[in-house]
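Visitor: I'd like to learn how to read a protein model, one feature after another. Could we do it with the structure on screen?

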Amino acid sequence: MEFLIQNMPPIMFLTLICFLLLGFPVAFSLAANGILYALLGIAFGEFTFPFLQALPDRVFGIVQNDSLLAVPFFTLMGLILERSGMAEDLLETIGQLFGPIRGGLAIAVVFVGAMLAATTGVVSASVISMGLISLPIMLRYGYDRKLATGVIAASGTLSQIIPPSLVLIILADQLGRSIGDMYRGAMIPGFILAGAYIVYVVIASLIKPSYAPALPPEARIYREPNGSNGLPSLVVLVVVASVGAWLLGKVFLSEKSAADETIVLNLLLWGVIAFAIAGLNKLLRLKMLSQIAERVVFVMVPPLFLIFLVLGTIFIGVATPTEGGAMGAVGAIIMALIRGRLTLSLLKQAMDTTTKLTSFVVFILVGSTIF
């Protein structure tokens with residue numbers, strides 16, 4: 001008996017693992033385990049029943065938490081962007097961009113994984129999207145199975161750390177910190193992690209070229225009339241937009257601006273300038289940009305613009321995370337409408353999934369409170 005009382009925490013933890021391995025939902029396993037050991041504690045005289053009377057107040061405090069309203073907004077934003085074909089377009093475009101180099105498809109998966117992480121905020125959505133779309137393509141062109149599946153799984157987990165992440169919202173609630181602070185703290189480490197994945201792919205493709213071959217010439221669909229790949233045009237556009245963003249950033253930012261604000265605003269300005277140049281080129285038929293340059297801008301910039309607009313308003317302090325999430329959800333709906341991908345069925349599916357996921361998060365919070 002004495003052994004059981006002194007070692008109740010580790011035994012309680014092992015019991016929780018057993019509940020989970022038996023297939024019970026996480027939220028109910030946490031709650032049931034907590035109540036079970038509360039009753040055992042009462043029976044052993046180590047716990048008193050009045051402590052349980054505080055649970056309703058704790059649960060009501062979770063429901064009253066305004067910060068958790070950001071969860072359904074960011075979830076809806078990500079699901080609409082993902083189901084409107086954004087993932088497919090991004091993988092195709094970035095795959096064509098990096099395809100000519102060894103490991104290019106794997107690098108494209110990391111890039112898209114980082115972008116999906118910044119839109120969906122949900123691990124399952126990122127992994128499923130990239131697994132269904134990119135894995136068959138990578139295997140078709142001779143990629144090693146272990147490398148292909150590892151890159152997809154690793155890139156899918158970026159949604160845990162790259163803002164706006166649902167995990168960071170929950171952590172902010174549990175740690176008593178603001179969501180904006182959590183986003184600021186996670187942004188640079190998230191980008192470093194994505195960069196480390198790319199470095200790993202490059203090193204692996206150099207050591208074992210057969211693991212990650214380049215895309216064959218016949219699979220490269222964006223070609224100029226003279227047969228070139230059009231990449232110099234893209235490089236010039238990136239440089240011009242970067243210089244313009246840097247100059248405008250000096251106007252809008254002070255020397256005392258935080259690093260996260262500087263990064264977000266400069267990326268936002270870069271996207272606006274690049275999109276404006278590509279839009280004028282297409283509207284006026286100037287033919288200054290290559291096919292791949294136009295494709296990259298029109299596919300990548302709109303979701304990036306939405307992401308950094310939402311994060312920028314949060315970092316600068318113009319909007320709270322809840323308001324930023326609402327703005328992002330509305331922006332995603334408008335983007336899907338402009339692309340002609342918004343249907344009543346898609347909207348219904350996204351709202352159903354958002355409701356289920358939000359309920360799942362709230363139930364886990366309730367279960368963990370009881371635990």
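Predicted model: local features only at pLDDT ≥ 70, side-chain atom pairs only at ≥ 80, totals over all residues.

Visitor: Which residues of α5 and α14 make the contact?

Guide: On the α5 side you'll find Ala70, Phe73, Phe74, Leu76, Met77, Ile80, Leu81 and Ser84. On the α14 side, the list includes Pro321, Thr322, Gly324, Gly325, Ala326, Gly328 and Ala329. Sorted by class, the contact of α5 with α14 has 14 nonpolar residues, five polar ones and no charged ones.

Visitor: Let me try another pair. At what angle do α9 and α15 pack?

Guide: Helix α9 (residues 166-175) and helix α15 (residues 344-370) pack at about 30°, and their axes are 12 Å apart. α9 and α15 are therefore roughly parallel to each other. The crossing of this pair is right-handed.

Visitor: What residues meet there, in α9 and α15?

Guide: Leu166, Ile170, Asp173 and Gln174 come from α9, and they meet Leu357, Val361 and Leu365 of α15. By class, the contact of α9 with α15 has five nonpolar residues, one polar and one charged.

Visitor: Now single residues. Is Ile80 buried or exposed?

Guide: The idea is to look at relative accessibility, where buried means under 20%. Ile80 sits in helix α5, and its relative accessibility is 0%, so Ile80 counts as buried. Leaving out residues up to four places away in sequence, Ile80 touches Ala332, Ile333, Ala336, Leu346, Leu347 and Ala350.

Visitor: What about Gln96: why does Gln96 count as buried or exposed?

Guide: Gln96 is also a residue of helix α5. Gln96 counts as buried because its relative accessibility is 14%. Apart from residues up to four places away in sequence, Gln96 touches Leu215, Ala219, Arg220, Ile221, Tyr222 and Ile292.

Visitor: Can we do one from a loop? Where is Gly230 found?

Guide: Gly230 lies in the loop between α10 (179-207) and α11 (231-252). At 6% relative accessibility, Gly230 counts as buried. Setting aside neighbours within four places in sequence, Gly230 is in contact with Glu224, Ser290 and Ile292. From Gly230 to Leu68 it is 162 residues in sequence and 46 Å in space, C-alpha to C-alpha.

Visitor: Next, the nonpolar core. Which residues of the largest nonpolar core touch the most other members?

Guide: That core has 89 residues, and the ones touching the most other members are Phe74, Leu90, Tyr143, Ile169 and Tyr183. Helix α13 (residues 291-316) gives the largest share of this core, 15 residues.

Visitor: Let's finish with the whole protein. How many helices and strands does the protein have?

Guide: The protein has 15 helices and zero strands. Of its 371 residues, 43% are buried. Its C-alpha atoms fill a box of roughly 85 × 50 × 45 Å, taken along the principal axes. As for contacts between residues at least 6 apart in sequence, 75% join residues at least 24 apart.

Note on methods: Residues numbered from 1 in each chain as written. Heavy atoms only, no water. Core = buried A, V, L, I, M, F, W, Y, C linked by side-chain atoms within 4.5 Å. Buried < 20%, exposed > 50% of the residue type's maximum accessible area, 1.4 Å probe, protein only. Helix = DSSP H or I, 4+ residues; strand = E, 2+ residues; numbered from the N terminus. Contact = heavy atoms within 4.5 Å. Nonpolar A, V, L, I, M, F, W, Y, C, P; charged D, E, K, R; others polar. Axes fitted to C-alpha atoms, helices over the stretch in contact; angles between N-to-C directions. Parallel < 35°, antiparallel > 145°, perpendicular 65-115°, else oblique. Left-handed = near helix turned anticlockwise from the far one by under 90°.
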